[in-house]
Amino acid sequence: MGKIEWAMWANEQALAAGLILLTGGIVGVAGQFRGWEFASYAIAAGFFVCLLEYPRSKRAKGTSVERTGQYCFTVCVKAFGPVTRNYYVRAFLHAALCVPGGFMLATVLGCVCLGIASLIYLAAAVRGEHWEPILPRKDTRKPVAESIKSPPQNPPPRPPPEIRRKQAKDVEGAAYDNPIAVTDD
Amino acid sequence: MANWIINNGFPAVMVVVWMTINTYLFVSFYLYYDQDESYYYTRHLLGSALAWARAPAAVLNFNCMLILLPVCRNLLSLIRGSFVCCSRTMRKQLDQNLSFHKLVAYMIALMTAVHTIAHLLNLEWLNNSKLGLYDELSTALSRLEDERNETYLNPLQHIDADPQQRPTHFAFTSIAGLTGVLITMSLILIITSSMEVIRRSYFEVFWYTHHLFIVFFIGLVFHGYGRIVRSLEDDSPHNTTLCKDHPEDWGKIPECPIPQFEGKEPGTWMWVIGPMIIYLCERVLRFVRYMQAVQYRKIVMRPSKVLELQLRKKGFKMEVGQYVFLNCPSISQLEWHPFTMTSAPEEDFFSVHIRSAGDWTDKLIETMQKLPEGEQGPKMGVDGPFGTASEDVFDYEVSMLVGAGIGVTPFASIMKSIWYKFKESDPKLRTRKIYFYWLCRETHAFEWFADLLQVLEREMEERGLGDFLTYKLFLTGWDQGHTNQVIVHFDEDTDVVTGLKQKTHYGRPNWDKEFDQVRKENPASVVGTFLCGPAALAKVLEKKCAKYSDVDPRKTKFYFNKENF
């Protein structure tokens, strides 16, 4: 399993965890559960995790597939520079965020999922991966090949101006034999 | 509309039947738990959340039963084979196995979410009842315990934890709770590792994580063993209508003895035991096949890092366009990789052409390259052959074969088989005309296929059968270099790229023109279109098939078949 970029799976897991945390939090608040304060925290934390994890990173090798409409999220996440780039930071962030979810049943599942995502991110960080924004590429036009396509720089060889004037006035005198054949035979 | 019915009718019907069963299960179980008298007191504690938890449970039972079946490839092969008489449509549907597996998985995920949310509500309300926060009846019901001559209703018993932690404590210490958490976690991990991005790039992660389904099924079977869905005992003398308003009199007056409750017997095992056994047989069969000896007849390194393996296995019988799964324990114990066979059934061996496309294939090619001349290769396990749509290619009078890139491989098998059948004038061959479209970005890695076409071309011309096979090659990744070459060699007989008589086209095909041509040349025929290539192209061809088909039997009808990996 050498070529795996663990961050890709960690990203999917973290996004799922964010959604689960968010859903658990909504259930906890809407149902007015005991410990609903933890549920409202889970809503905020889940939402934040979703925003952070929505933009996919650019892959080190191979084509990266963007999520629909992720460009604006990419710009926001990119703005935080090294904090969001580094996966050690993400691993510890997710580990810290998930802890309050463990204090109430509705958010426990989100807590465990986020914890697992944190572990996978740690594995990714240990392997030296980091987050790269996927930015739209400016298509560089292929450099045009030389020689046959560039227009000629010099005008075709012509006889000097005096003779040209003579040719215009005296058509018969201007006739001459080509030194090399110009027909197909 | 009529054309859509011809091509997509059957799968649509299957999905409608499946959704109808799901809806019926959901609604009928919901109504049962919402209205049945024996659950009257349970509903008093839980409200409609009881029905909301039990209805998805029924749908989950049904779908967990179904999910194992589409991936039993040997079973499916058996079913495919038995439909020799039936129409083509029946055999096509078994191609949709993976799509159906995914659909069932989505339903399982959705129902798990509903079931879990309902149970979160249930546990919270059971907790509150136990703490005496609700009305007198709830408190009385919750006080019933499994001792003296009472049976409990509220499963939250004897918990000494902090009130906020009681639901969590219950979830992690009861059978239902613990198995529930375990199987939900497995399901989430299975789903996140099955996302298309992960599956396409790192098949190993997907494959290994997917084996968490074993944990899932074991947990699922034991999930109900706690018997915590409680109802009034059958023929209980306790009259709920009379007694619900004065719980303090229970046990003191003859009409209201203390209500006795019983738990629902676990029922999931009845649903899933059949498919679990079938799947176990499937895995045993794969293992048995793996143990069978496989000899190497020839190992050839083709240009552009393509490895051709010619293998022999006792009792191995294949048909055109089928694929096998290969396993090489010296590279990886657990990985099985699918490869379409490139040999024809008429040959006494079977071959695969393996291209460098990842860890496993790279290592295989490396191992083979290091092998000294004439020696047998490493031990290889072969599972299969498994059927795909290409088996049907000879049933159609006219066939359009479209191979994109690596997708051209099954057609190598088909072409060779055509050739053998023709040489022997096989009467089973119903095909009179074949159109073959080969699309690729560059001919790199497919020189072996071009060689095959050259051989066929020559032999067909010798027998004056040039008309039987019409093939067109489309080079979609051409550049200036190509153009220059073509300009210089344009008046030569054979194509400059492939050396074939048929000139290479550049760019993508104009499908409207192609379908029109086929339709004009073959009026009143049934044309089968076979594709092995990307999904985007499948959509295009499917649309064109629908567009150019006519329900009128006197006109041409196009059927679309797609290979899936």
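Okay, let's start with Phe216(B): its relative accessibility is 8%, so it counts as buried, where buried means under 20% relative accessible area, with exposed over 50% and partly exposed in between, using a 1.4 Å probe on protein chains only. Phe217(B) comes in at 5%, so that one is buried as well.

Quick housekeeping. This is a predicted model, so local features need pLDDT of at least 70 and side-chain atom pairs count only at pLDDT 80 or more, while totals for chains, interfaces and linings use all residues. Residues are numbered from 1 along each chain as its sequence is written, chains are lettered from A and ligands numbered from 1 in the order written, and side-chain values use heavy atoms, without hydrogens or water.

Now, the rings. Phe, Tyr and Trp rings (the six-membered one for Trp) pair if their centres lie within 6.5 Å; planes under 30 degrees apart are stacked, over 60 edge-to-face, and the rest tilted. How many aromatic pairs does that rule give over all chains? The count is 32. Take Tyr41(B) and Phe261(B): they sit edge-to-face, 6.4 Å centre to centre, with 70 degrees between the planes. That pair links distant parts of the chain, 220 residues apart, with Tyr41(B) in helix α2 (residues 40–46) and Phe261(B) in strand β2 (residues 261–263), both of chain B. Helices here are DSSP runs of H or I with at least four residues, strands are E runs of at least two, and both are numbered from the N terminus. Tyr41(B) and Phe261(B) are both buried.

Back to our opening residues: the ring centres of Phe216(B) and Phe217(B) are 5.6 Å apart and the planes are at 75 degrees, so this pair is edge-to-face. There's also one aromatic cluster made of Phe411(B), Phe436(B), Trp438(B), Trp448(B) and Phe449(B).

What about charges over rings? The rule wants NZ of Lys or CZ of Arg within 6 Å of the ring centre and within 35 degrees of the ring normal. Arg230(B) lies over the face of Tyr152(B), 3.7 Å from the ring centre, and Lys433(B) does that over Tyr435(B) at 4.7 Å.

Residues from both chains line it, including Phe33(A), Met104(A), Leu120(B) and Pro163(B); a lining residue has an atom within 4 Å of a cavity point, on a 1 Å grid over the protein atoms alone, where a 1.4 Å probe fits but cannot get out. Which element gives the most to that lining? α6(B) does, with four residues.

Note on methods. 1 Å grid on protein atoms, 1.4 Å probe; cavity = no way out; pocket = protein on both sides within 12 Å on 5 of 7 lines; lining within 4 Å.
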